[in-house]
Amino acid sequence: MSDAFHQDCPARMVLDHVSGRWAVLVLTALGDGPHRFHELRARVEGVSEKMLSQTLRTLVRDGFVRRTVKPSRPPQVSYALTGLGEGVTRSLQPLFDWVRDHAGDILAAQAAHDQAAAE
């Protein structure tokens, strides 16, 4: 078993890939089922085409997402979670829900901190 606290541990790279803002949002969105690129871009508001493309490439390479090309004109490409992707998404979902549910509390804490620092 490797120790993620060591800088050369491979788990750090994986943690970096799955814990980034766009990766968490893409994985969570794919938890609902397969999506095409434009559907993901509409679902994950604010992500640029370039960033979504880069995030998907990384998640496909890491084995979390499956990219399927349906031969047609133009080709239809869809993205879905793999078994690994389902596992990590099940683990990320409670964190995602907690952050969503407590964002107001966090913003209030930031405002209180900033106000105290300004005094």
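**Salt bridges in the predicted model**

R41 counts as partly exposed because its relative accessibility is 37%; this class lies between buried, under 20% relative accessible area, and exposed, over 50% (1.4 Å probe, protein chains only). The model is predicted: local features need pLDDT of at least 70, side-chain atom pairs count only at pLDDT 80 or more, and totals for chains, interfaces and linings use all residues. Residues are numbered from 1 along each chain as its sequence is written, and side-chain values use heavy atoms, without hydrogens and water.

A search of the whole structure gave 4 salt bridges, each a side-chain nitrogen of Lys or Arg within 4 Å of a carboxyl oxygen of Asp or Glu. One of them joins the side chains of R41 and E49. Its N to O distance is 3.7 Å. E49 has a relative accessibility of 48%, so E49 is also partly exposed.

R100 takes part in a salt bridge with D97. Their closest N and O atoms are 3.3 Å apart. Both residues belong to helix α5, which spans residues 83-118; a helix here is a DSSP run of H or I, at least four residues, numbered from the N terminus. Along this helix, D97 and R100 are 3 residues apart, about one turn. D97 is partly exposed because its relative accessibility is 24%.

R100 also pairs with D101 in a salt bridge. Here the closest N and O atoms lie 3.2 Å apart. D101 has a relative accessible area of 51%, so D101 is classed as exposed.

Terms used. Helices (H or I, at least four residues) and strands (E, at least two) are DSSP runs, numbered from the N terminus.
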